[in-house]
Amino acid sequence: MASFGKAASLALAAALSIGLATLPASAEDAPGVTPDSVKIGSWVALSGPVAVYGVPLRAGVQSYFDLVNDRGGINGRKIEWIVEDNAYNPQQTVAIARKLISSDNVLALVVPHGTGQSAAAFPYAIDQQKVPMLLPYGGAKDWYDPLKPGLLGLHVLYEDQAAAIGRWAAQDGHKKVLVIYGANAAFENVANHVEPGVKALSQDASVELLPVKIGTTDYGPIVLDIMNRKPDAIVCIQLLQEIVLLSKGLKQQGADIQVYSYAPTVGQATIDLGGEFVEGLKAPSLTNSPFSDHPAAQEYREALAKYAPGEKPDFVSYLGFGAAKIFAEALSKAQEPLTRESLLGAFHAMQGYDSGIFPPVTFAQERPLGGHLLQPMQVKDGKWVEVGDVIDVNQF
Amino acid sequence: MKLASNRPARAALIALCGLLTWLVVVHSGLVGDYVGFVVVAIAYFAVVTMAVSMLAGYCGIWPIGHTAFTATGAYLTVNLGLAGLPIEAIVPIAVVTAAVIGYLLGMTAGRFSILYFGLLTLALSLAAFEVIGRWDQFTGGEHGIVVPAIPSLLAGRPIGLTDATGFTLIVATVAFMAVDLVCRGPVGRRWLAIKSQRIASMACGFVPPRENATAFGFSAGLAAMSGCAMAIAIGYLDPEGFSLNAGVTMLVATVVGGTGSILGAIFGAAFIVGVPELARGTSNVAPFIYGGAMILVLLFLRKGVVPSIIELLSGGSRGARMKAAGQGAARGGDLAALVADVLPNRGSDLVIEDVSVAFGGVKALQNVSITVPAGRAIGLIGPNGSGKTTLLNVLSGFVKPKSVGTLKVGSVDLQGLAPWVRIEAGFGRTFQHAELFGELTIRDALRVVARQGRASRLAAGRTLVDADAVAERIIAGLGLGEVADSKPHFLPFGIQKVADIARALAGGAGVLALDEPFSGLDADESAKLRAILRELRQAGVTILIIDHVVHEIFDLAESVYVLDFGSVIAHGTPAEIRANPKVREAYFGITETAEAQHA
Amino acid sequence: MGDIISLIISGIANGSAYALLALGIVIIFRSTDTVNFAIGDTGTLATFAALSAIAAGVPIAAAFFLAIAVAGVVGIAAERLLIRPLGHGQHLLFVALVITIGLGLVMQAGMGAFWGNTPKPFPPLVPGWIQVAGVAISLNKIAATVFALIAMGFVAWFFGYMPFGIAMRASAEDPLAARMLGLNTGRIASIAWFLGCGLAAIAMFFLAAESSLNPHIAHSPLFRAFAGVFLGGLTSMPGAVIGGFAIGVLDNIAGHYISANYRDTIVFTVIVVVLFVRPAGFLGSIRKERV
């Protein structure tokens, strides 16, 4: 009996594989490219806790591509952006990368989501198959050291953000900075970069580190500890909910200390959750404000309302929208025939392109990180508003 | 059906399937890169699903966090690979490491209840996830770690992503062969025996905590194998792959596929790999399907999809066949010769002196003393709640007495002996509801119990030593031949009671305590049982028989004790007891109604 | 020194949620032999229902009782539809447990689909905060502890003095006897699931008000509640309560003095050690598997 079943399942598997393997590949000039379409792919966490970021991210990117396609596409090609839910799971991401590359035959991976998840796909996607991975949402310093051909990032890395925040605090005249971070390696790594930033501007300033267990709901004792240390500024590298709780705790205890945080904190959720307690919070943003009067922001709000009506305008979808715009810019400049090489070539030729959303980006062969500018923001009257000029993380 | 019992042939078949899959995936040119990877993913998930499913199916233990062991295998592969060890050494090291951890944890949980395995593995998985996220040198921390090319002696070069198919299929094939060999053999039968009757299995000499721990260790080793394959096949390890969610997904695969079945594990793995593939593009569908499938399968196809299908295809006719059996199995050979051939400890007496038991404040037994001389049959009667079964449980070691004068079988003092050691002393028992091992056929049950008594038989110089031969001999001797290949719940109660006695004999019990053997039997069944017990007594087996069916006891026993409110109120020959006014007053009024109920 | 006091105070406050969940787990286990992994998600679901009610204008205090009722009814439904059809028997322990895991998955996905995965602000029953021993403690947290104690008091009274509660306790110890006494086991199961899930709703209601509400918030407290159950014993109600509070304090102290990085690992180690020393927990009794 068992033998029969085993043989049957084997036959089934074989039949399945033959069926899938013999799917006709349409006439393509390069992987995923036809005269009137270009196929690109991505993985985004659409389920599980991280879907909080994944869902708006997809909505933003998709809205821009929908907008472009309705205007006739890029060089006559409609953009087909295939998104798979990786559930924030690296194994699943590897499977998705295989499918997108070997079965869907995509030209490039565009705005893939998740740091560890995308890294899991490197050995296959970048090292083995040489498929460009463009503008991932997430990333770490060691991704770009040594340089991986075809891996181009848009974000200012968290490490660089931390250093920039340090300089910002020093610029604001703070001398005793306390860095509070969620106690795990990723947060700690970021937190460690605050001190060089502070010291770069103000050598006599002191920087202290304070790890807090992730998932802490009770900030009473921690606030007491903080007040004993008497800092004049706090840099918070933590999950959003905890930054809110910490701000609450500080206000309740009557402490008036300027709090800084990093880019993931910049979002409507911070204000929804924190209310009056996060008033005055400062953090750098990767983009300008989606609620501002910039033409790009207006275009974004209209597109989102049209193509993703369920999604409220916010920073994450705005960021996705902007990333898609930068990709489309490179695609439009890529030399014909469109190939992976010509697409990368267009990116490498990109000099100070201003999307109106991100500060101007510049890529080059030896410069895989396009973004180096941060927009300082602050919560004022229950809104994130731009304060001061952009910070260049490359200028020390 | 033949294949089911031929283990070498099954192992060869598994190997053949593995080879064929490899040929199709790698060399046929029919399978694209992506489909090839899907096959590989199914293979490594099937191994860890098998690890979970084997525990659930053979031991009734559902581990929630087996990901900890998968992670052990995966991260050891990376680190030992970095240290230059060949993959051929890494896999065994990983398996042994995980198995040892699993065994130790199993000993912790197994001492209490199988439920604790579930909760303990849950905790283990959370702790492991935390450690993985933090132990940077070993795991790369939260960022994850790239799997290097691992040296291989067989391949003669380092292996990596491109060798994933071959490597994973080899691992899966070996794992499935190991599962098949272990689980379909005596070890697996022992696990099934314990799973179906934990208490009764102890009376047969099985050690549930140790067996559970062994099974858990074995399963952990399998999970580690899956981890090794996963590392090679993915090329990158990230803590998220070993989170509690991943562990729950393994449970989904186990439930859907069906427990304890290799095909089920493969099906379940295909399910968890396939659902996200098919739900492509739609967000948040997989958790609904996973959770929903788990609930629906457990409610409507308790055994899982694959075993249910197999049962439908092959098992439909079985029930009917068994009904036809049961009728009148002829007994072959005389029991005296059987006893002489297979029982290592004959001619021991059973001495109980001053046994007292208290539950909370209630005195269940007070200074009870009963002696059963070697080769005799003694009866014990008493109303419900008088302490008869409690006394039997004291003898079996299930109930700890408050105080004991003497508790001896022959020269062996039973006091302080674990329940599973008592059969070695020659003490065996039966149960009121027979309590046969539901998932084993009568033959398999007798064989696996007979293995326990092998050493004693050898030491006692019995002519029959081999377990299978002993089982056959008992089957023939007690007339169980026609029903030997069926599972107990298909059988009439009378046959079950005989099989219960057969089980005790297979364990080597020369001193037999019978808990209400005649209750619930019809006249025909009672007559057969009576004949068997008489012959056993004549053959020199020492018998303590407890029953409400008093006339059977008076018929069989040469002397009878009467228990009431935990004390012996009378002792004498059947005739004396019948005449004893105290007994009549305390007992016989009730007996008649009890008898009426049983009839 | 102020540290340790504030750690203990806040540990007890956190522990009240663990203790409530642990008590719920034990009540349900004793009556129906089911380790309910969906208990936390049931509480979360009820809290989401309360959130929707508050948004529709229902006062917070009424929403609080609504949450308890919703969780209780969901619990009863789960027992009726998913657990009872399984039947009885020791070998079903795990089947029931696994079904509740499946139920939890469906509930989490459902909440995500209906209310979204974004953390939602949740209003406290009692806003504001006070200073205790120099630490600011939110009134919500104090209310959580007070309500936890009230709920536990109610449970103790119910099982200790109410005839039906006493009968339930007896039936947990001897189901056969319960049946012989003519107790309605179905009704016992329903009441146990109502109580257990209602307690979980109280725990989740206050936890949500303390930070925010999302479909996954039950995950970490549930694990700690299980740790509390281990400590106290799977069958002991007072054990579960004390275990839950103990884990709250232990978790805080270990997180502060040993390492904030290995919280779960520390809790796990404690569990293993407890199992080695006292397999039944500190107040539990070894449940004899029935012959």
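In this predicted model, 36 residues of chain B are in contact with 37 residues of chain C. The elements that give two or more residues to the side of chain B that touches chain C are α5 (87-110), α6 (114-134), α10 (198-203), α12 (244-257) and α14 (285-300) of chain B. The largest share of that side, 12 residues, comes from α6(B). By type, the residues on the side of chain B that touches chain C divide into 24 nonpolar, eight polar and four charged.

**Chain B as a whole**

- Chain B contains 26 helices and 12 strands.
- The C-alpha trace of chain B spans about 85 × 50 × 50 Å along its principal axes.
- Chain B has 599 residues, and 59% of them count as buried.
- Among the contacts in chain B with a separation of 6 or more, 77% are made by residues 24 or more positions apart.

- Leu298(B) belongs to helix α14 of chain B.
- Is Leu298(B) buried or exposed? The cut-off for a buried residue is 20 or more other C-beta atoms within 10 Å of its own; Leu298(B) has 22 C-beta neighbours inside 10 Å and therefore counts as buried.
- When neighbours within four places in sequence are left aside, Leu298(B) is in contact with Val255(B), Val95(C), Val98(C) and Ile99(C).
- Between Leu298(B) and Gly477(B) there are 179 positions in sequence and 41 Å in space, taken from C-alpha to C-alpha.

**Helix α12 of chain B**

- Helix α12(B) has 14 residues, which at 1.5 Å a residue should span 20 Å; the C-alpha atoms at its ends are 20 Å apart, in agreement with that expectation.
- Of the 14 residues of α12(B), 13 are buried, and the helix is thus mostly covered.
- After α12(B) comes Gly258(B), which has a positive phi, near 115°.

**Helix α2 of chain B**

- Helix α2 (residues 7-27) of chain B has 21 residues and should span 30 Å at 1.5 Å a residue; its end C-alpha atoms lie 29 Å apart, which agrees.
- Which residues of α2(B) are buried? They are Arg10(B), Ile14(B), Cys17(B), Gly18(B), Thr21(B), Val24(B) and Val25(B).
- Seen down the axis of α2(B), these buried residues fall within an arc of 130°, so they line one face of the helix.

**The six-stranded sheet of chain B**

- Six strands of chain B form an open sheet with mixed pairing, in the order β8-β9-β10-β5-β11-β12.
- The edge strands of this sheet are β8 (427-429) and β12 (567-572) of chain B, each of which pairs on one side only.
- On average, neighbouring strands of the sheet are turned by 20° against each other, direction ignored.
- Strand β5 (residues 377-381) of chain B and β11(B) run parallel and are joined by four bridges.
- Strand β11 (residues 559-564) of chain B pairs with β12(B) in the antiparallel sense, over five bridges.
- Tyr561(B) in β11(B) is the bridge partner of Leu380(B), and Tyr561(B) also stands opposite His571(B) in β12(B).
- How many residues lie between β11(B) and β12(B) in their hairpin? There are two residues between these strands, and Phe565(B) in the turn has a positive phi of about 45°.

**Helix α3 of chain A**

- Helix α3 (residues 90-103) of chain A has 14 residues and should span 20 Å at 1.5 Å a residue; its end C-alpha atoms are 19 Å apart, which agrees.
- Because 13 of the 14 residues of α3(A) are buried, this helix is largely enclosed by the rest of the structure.
- Asn105(A), which follows α3(A), has a positive phi, near 60°.

Terms used. Residues numbered from 1 in each chain as written. Chains lettered and ligands numbered in written order. Predicted model: local features only at pLDDT ≥ 70, side-chain atom pairs only at ≥ 80, totals over all residues. Buried ≥ 20, exposed ≤ 12 C-beta atoms within 10 Å, placed from the backbone. Contact = placed C-beta atoms within 7 Å. Nonpolar A, V, L, I, M, F, W, Y, C, P; charged D, E, K, R; others polar. Expected span 1.5 Å × (residues − 1). Arc of directions from axis to C-beta. Pairing = 2+ DSSP bridges. Axes fitted to C-alpha atoms, helices over the stretch in contact; angles between N-to-C directions.
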